[in-house]
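Here are my notes for you on this one. Have a look at the model first, then read on.

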Amino acid sequence: MKMAISKLIPTLVLFALFSFDVGVAHPGLGFGWGSNNPIGGSFSSNLYPQFYQFSCPQADEIVMTVLEKAIAKEPRMAASLLRLHFHDCFVQGCDASILLDDSATIRSEKNAGPNKNSIRGFQVIDEIKAKLEQACPQTVSCADILALAARGSTILSGGPSWELPLGRRDSRTASLNGANTNIPAPNSTIQNLLTLFQRQGLNEEDLVSLSGGHTIGVARCTTFKQRLYNQNGNNQPDETLERSYYYGLRSICPPTGGDNNISPLDLASPSRFDNTYFKLLLWGKGLLTSDEVLLTGNVGRTGALVKAYAEDERLFFHQFAKSMVNMGNIQPLTGFNGEIRKSCHVIN
């Protein structure tokens, strides 16, 4: 018996060493250390925060260095990068499909209604990708760059941080139709918003907290003009708009023309990530219909959540961080699925 055990032990040791080495040498395979033992939060089983610990340990530092410069130059960029991740994840999962340009085989999501002449920040993603390719060639996916840029933008705007699961791979396809049908429109009803979020496996808390991302950034006149002049098809404004706010918006957004004029989504602190967005909703100063219906839609708990986040910024920050992890877990490509693009704009 002792002899049998002594023969078995070296075999087990070799197996253990081999298993660890494969996981370290090929972190993109989605197994090895940590893949099924994530730290905190609700992580997808194939995504984990330490994914680049050995293959590209400086990844987040590189991302943050580029973001600091870009956001210092243009504070609005933080909101643009947060939105880029959101619009990516809602169309065939968090796979960087939104970054692909038109080609012989790709109909770009950039040309979809919710994205055309509106989605931006591509040059910042390109700069991050170029620096990562210099440091760690073909290692960090464009999908993970979008997730890291969204978190970094939130932090640099004064918002919360969170432990970010990584290991997404990049798609070889895009869905123009998916972008046209799955991304919530600015004039959405509360029921429409809930349906679109539930389709992605997200709940009311996710809907309201992620909408709080509108605490930074701006919107074009074309997205809220209907509220000012013809909200219900009767040539009347939206009666939920606070009067002085309504007149201010009319001066920015005339009845005809001016569609690309912009207004802050949070007029009180448009570049600072805080809970003022929710306070403004309570005061009738939400910019988009899809903002205001969170309070006035009278469906489920969304109104109560708006009030809770308006009263307690820490509660909002906690739920926003949790919901960003939930959103980042939507249908990621992992293991041998997808690829690591050399350029985020084209498939390899």
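This is a predicted model: local features need pLDDT of at least 70, side-chain atom pairs count only at pLDDT 80 or more; totals for chains, interfaces and linings use all residues.

1. Residues are numbered from 1 along each chain as its sequence is written, and side-chain values use heavy atoms, with hydrogens and water left out.

2. Now the largest pocket, at about 920 Å³. A pocket here is an open set of points on a 1 Å grid over the protein atoms alone where a 1.4 Å probe fits, with protein on both sides within 12 Å along at least five of seven lines; lining residues have an atom within 4 Å of a point. The volume is the space filled by probe spheres set on the points, which are joined across faces, edges and corners. There are 39 lining residues, and Arg83, His87, His214, Leu265 and Leu288 are the closest to the centre.

3. Who builds that lining? Helix H3 (77-89) gives the largest share, 6 residues. Helices (H or I, at least four residues) and strands (E, at least two) are DSSP runs, numbered from the N terminus. Among the others supplying at least two residues each are helix H14 (313-328) and strand S1 (218-220). The lining has 22 nonpolar, 12 polar and 5 charged residues; Ala, Val, Leu, Ile, Met, Phe, Trp, Tyr, Cys and Pro count as nonpolar, Asp, Glu, Lys and Arg as charged, and the others, Gly among them, as polar.

4. The second largest pocket has a volume of about 190 Å³. Its lining of 14 residues includes Gln231, Asn232, Asp238, Thr289 and Val293 as the closest to the centre.

5. Finally, helix H10 (residues 243-252): Tyr245, Tyr246 and Leu249 are its buried residues (under 20% relative accessible area; exposed is over 50%, partly exposed in between, with a 1.4 Å probe and protein chains only). Down the axis of H10 they fall within an arc of 100 degrees (from the directions from the helix axis to the C-beta atoms), so they line one face of the helix. They pack against H9 and strand S2 (262-264), while exposed Arg243 and Ser251 sit on the face turned away.

Conventions: Contact means heavy atoms within 4.5 Å.
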